[in-house]
Amino acid sequence: MPSEKFDLEKPRKYSFLAKFFHWGFIVIFGYGIYKQVDELDQLADLSLLKFEMIFAAAFLFLLIIRFIYMRRTQKSSLPTATSQTQKYAAKIVHYGMYFCLGIIAISGISIGTLYWLGFKSGLIIEGVISIHEFSFTVIYFLILIHVSAAIYHRFLGDGVWSSMVPFWNEKINRD
Ligand code: HEM
Ligand code: HEM
């Protein structure tokens, strides 16, 4: 019998579009990492520079659309009884991932613009490249926390995992 803790609360599910954005973004982000620029001098190839810029602009545009859609229409699937600390922690990680993804695209576009304007070496472009690279260190760390938390919730069986992940779904246990 369900305890008072979770009452008879129905687990929340993300919409099809929310799931599409979540998983689609992982594919786009994975592709971005796979085809990454290995050296600044590669940008001398104008068609590569153009492609990188269009890719990063489209990435940023989709990220903003996703963010607006998620904030306006969806709610976290954490059970209402979750501690305030845990809710804040989840929020920090989620917003942190959005922030890092945004910085990755904006710093990438800035690198391309600086290079195109003739700033091919020096403190400014090297500083922006450092920001671009540091954002990856941070986001890999956040993704590690995020995926570990998702797996932890799968073992708790509270429906958080199944609200977003289409496989290894559990019998919801919010007792
Ligand atoms: C296999 C890997 C992944 C799993 C199993 C997973 C699982 C989940 C789950 C269960 C939620 C719902 C959490 C809740 O309602 O509080 C969620 C939300 C979220 N995930 Fe993931 N995730 C994965 C990878 C990623 C990656 C790589 C990113 C970012 C690059 C990401 C970004 C987000 C964000 C930002 C949210 C909050 C909802 C939103 O605004 O879209 N996830 N994920
Ligand atoms: C969302 C789009 C982008 C993604 C996912 C991405 C991905 C990456 C990754 C994974 C790295 C390696 C980071 C590291 O070593 O820690 C990197 C480095 C770099 N990226 Fe991007 N990037 C993007 C946009 C851009 C754009 C638009 C440009 C410029 C036109 C650019 C230029 C560079 C440069 C110059 C480096 C440093 C290469 C070096 O080590 O010298 N990136 N990027």
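One cut-off before we set off: a residue is called buried if 20 or more other C-beta atoms lie within 10 Å of its own, and exposed if 12 or fewer do. Also keep in mind that you're looking at a predicted model.

**Stop 1: the whole chain.** Colour by secondary structure and you'll get five helices and zero strands. Walk along the sequence and the pattern reads α-α-α-α-α. Buried residues make up 14% of the chain. Of the contacts with a separation of 6 or more, 70% link residues 24 or more positions apart.

**Stop 2: the largest nonpolar core.** Select Ala56, Phe59, Cys100, Leu101, Ile104 and Ala105; these six residues form it. Helix 2 and helix 3 each bring at least two residues to this core, and helix 3 gives the most, with four. Stay on Ala105 for a moment. Which residues does Ala105 touch, leaving aside those up to four places away in sequence? They are Ala56, Phe59, Leu60 and Leu63.

**Stop 3: ligand 2.** Show the 24 residues that surround ligand 2; the closest are Gly32, Gln36, Ala56, Gly108 and Gly112. You've met Ala56 already, as a member of the core. Helix 1, helix 2 (46-73), helix 3 and helix 4 each supply at least two residues of this shell. Colour the shell around ligand 2 by type and you'll find 15 nonpolar, five polar and four charged residues.

**Stop 4: ligand 1.** Next, pick out the 20 residues around ligand 1, where Met70, Ser76, Ser77, Ala150 and Met164 come nearest. The elements giving two or more residues here are helix 1 (16-34), helix 3 (84-116), helix 4 (123-156) and helix 5 (160-164).

**Stop 5: Trp168.** Finish in the segment after helix 5, where Trp168 sits. Check its backbone: Trp168 has a positive phi of about 50°, although it is not a glycine. Is Trp168 buried or exposed? Trp168 has 9 C-beta neighbours inside 10 Å, so it counts as exposed.

Key: Residues numbered from 1 in each chain as written. Chains lettered and ligands numbered in written order. Predicted model: local features only at pLDDT ≥ 70, side-chain atom pairs only at ≥ 80, totals over all residues. Near = placed C-beta within 6 Å. Contact = placed C-beta atoms within 7 Å. Nonpolar A, V, L, I, M, F, W, Y, C, P; charged D, E, K, R; others polar. Core = buried A, V, L, I, M, F, W, Y, C linked by C-beta atoms within 7 Å.
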